[in-house]
Amino acid sequence: MSDTWLLSEDRLRPELVPWKESLFSIANGFLGTRGSFEEDFQGSVRATFMHGLFATPPGALPHLCPLPDWTGCSITVDGVPFRLDQHAPAGYERVLDMRNGVLTRRVLWRGPGTGLVRIEFRRLLSMATPELASLEIAITSLTDDVQVGVETGLDGSVSGPAGGVWDRVDWERTGPGRLVMTAAIDNQASVTASTVVEGHQTLGFVGDPVHPRFTATVDLAPGERLVLGKHTTYRPGSRGSAPPSDRFDDVAAASATEWTRLWETGAVEVTGDPHAERALRFAAFHLTGAAPRTAEGGIGARLLSGYGYLHHVFWDTDIFIVPYLTLTQPDLARAHLGYRYRGLAGARRKAAYYGRSGAFYAWESAGTGDECTPEWGATPDGERVRIRTGEIEEHIVADVAYALEHYLTWTGDRRFLRDHGAEMSLDGARYWQDRIVLDDEGRGHLRNVIGPNEYHVDVDDNFFTNAMAAWHLRAAVRHAAALRDHDRSRLADLVSGLGLATGWESSFLDLADSVAPLPGPDGVFEEHAGYFALDQVDLGVFEPRRWSLQAILGEKAIGRSQVTKQADVVMGLVLLDQYQTPDLVRAQLDYYAPRTDHGS
């Protein structure tokens, strides 16, 4: 696999199929589809998602709704179902071309008593027409006369993490090969899917209440080929749009043009290391496809590849993803920051819930920006444990401001600063102003927090949290100064509306100085208060291993040790340039490298 634009596999390993579905996912900023096979396969999770279309089932957490499925196809050869989990392929290849977003799968297959056929699938989500999903199925007989049967339509019986999704499914057959389906969840969400199937003159129809589908039966002599094209459009609400009657190649060409434009600024090149280049292009491909083009949805964990973390948005997006988008696709970075601004009301509700001023961003947010972190979880052995990240992992407030600062610095977008950014930054700083406690010596403290190192819960003065809070307070003053130069009246309105007292700028700066971490005599910053006194553990004793030290030792033992989930002191130095002196960096790396588990 020399072409670093391609992700491919040439061998089917059944045990890896569900995992590979995530790797071979495709997305276009509006829709995302898992890389599941078109035919059924045991353990497969078939799903397509639309940004912003969240629902909350009774007793469950909000998550993106899986749309009525457009990918599923039932194929038979001489009456034998084409399924790779029942009859292994004679040849197999799957390729994701990251240049144009086209996913191709080619299979040589022979069922019991059937001739050998070649079945090729091509699919894409159009980057030129975001509501459009296209599929092509080509079946060629290679050795014998065979009868091929194909069924495909729209499947409204899809399930999510909490079971069945749609309360009502209605459909109408609007013409030869044409179908419109509207699915709804009472008082929460609705979507309309329109599909057209072409390529065979005589299509049958199965009018299933939730899975209507078209059928084709064709006799193929050796060398003959059946090609079916299928185009599906999705729109939120009850108004759909008719899909085009274009060839797959035409849809792909239009989409490729838009991908080419995106790659002009977003492509990653690594001279002399094709493995690294492919890995980074893979990451860029998924980030670009999963980033919404509007503020209706943020960039959630696991992107649009499945149900992991229920598509909730975490701090990782602001710290690790937005900077890449700012440098390559600033409009996509701005869309995520717009999502954060849209969630400002929820952040204020959360701060008020804890009796504080300002904006306390949700650790996990969905459609509204309100907190939706579960309060309880379970260990691998089934023990029920309290989840406190939504309550006390507070560095999220500064992380959002960090993404904002990075965007403003690189783009100079004064309009976003005026309309949204300054308000986000100042109200987050108000939260720190209310949260930091001064001791008798004037030192500031943030007590009872969780840092990025989540192995240690409910600690005082976590380095990363304190350092980022100090940075945020200073950044808010800078943002206000920039707004004053641009629109003095807007700043005055914000200061008045947020209730900032006279002298607030000096107060912010003094508070930042008070809470900023100080290194010890040897130049090492303590991960949190009391960390240096915890038990030391030799991580090498546990090698080789497949599991994190937390899973091996348990939460209580790991909390009494110096083992860190991730080196958040080192990460703080990476983000904050005031700490980036050679001596400080060397001291943190030498101290924390042998103590870091990389448990993320």
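**Strands and rings in a predicted model**

User: Which strand do two bridges join to β2, and how do the two run?

Analyst: Strands of a sheet pair through backbone hydrogen bonds, either parallel or antiparallel. Here two bridges join β2 to strand β3, residues 31–33, and the two run antiparallel. Strands are DSSP runs of E with at least two residues, helices are runs of H or I with at least four, and both are numbered from the N terminus; two strands pair if DSSP finds at least two bridges between them. Within β3, Gly32 is the bridge partner of Ala27. The model is predicted, so local features need pLDDT of at least 70 and side-chain atom pairs count only at pLDDT 80 or more, while totals for chains, interfaces and linings use all residues. Residues are numbered from 1 along each chain as its sequence is written, and side-chain values use heavy atoms, without hydrogens and water.

User: What is the order of the open sheet of three strands, and which strands stand at the edges?

Analyst: The order is β2-β3-β4, with antiparallel pairing. The edges are β2 (26–27) and β4 (48–50); each has a single partner strand, so one side of each is left without a neighbour in the sheet.

User: How many aromatic pairs does a search of the whole structure find?

Analyst: Rings of Phe, Tyr and Trp (its six-membered ring) pair if their centres lie within 6.5 Å; planes under 30 degrees apart are stacked, over 60 edge-to-face, and the rest tilted. The search finds 29 such pairs. One of them, Trp171 with Phe205, is edge-to-face, at 5.5 Å centre to centre and 65° between the planes. Trp171 belongs to strand β16 (residues 168–175) and Phe205 to strand β19 (residues 204–206), so this pair ties together parts 34 residues apart in sequence.

User: Are Trp171 and Phe205 buried, exposed or partly exposed?

Analyst: Buried means under 20% relative accessible area, exposed over 50%, and partly exposed in between (1.4 Å probe, protein chains only). Trp171, at 29%, is partly exposed, and Phe205, at 26%, is partly exposed as well.

User: Why is the pair of Trp315 and Trp363 stacked?

Analyst: The ring centres are 6.4 Å apart and the planes lie at 20°, so the pair is stacked. Trp315 is in helix α4 (residues 315–328), while Trp363 is in the loop between α6 (344–353) and β22 (376–378), 48 residues apart. Trp315 is buried at 4% relative accessibility, and Trp363 is buried at 3%. Ring pairs also link both residues into a cluster with Tyr309, Phe314, Phe320 and Phe464.
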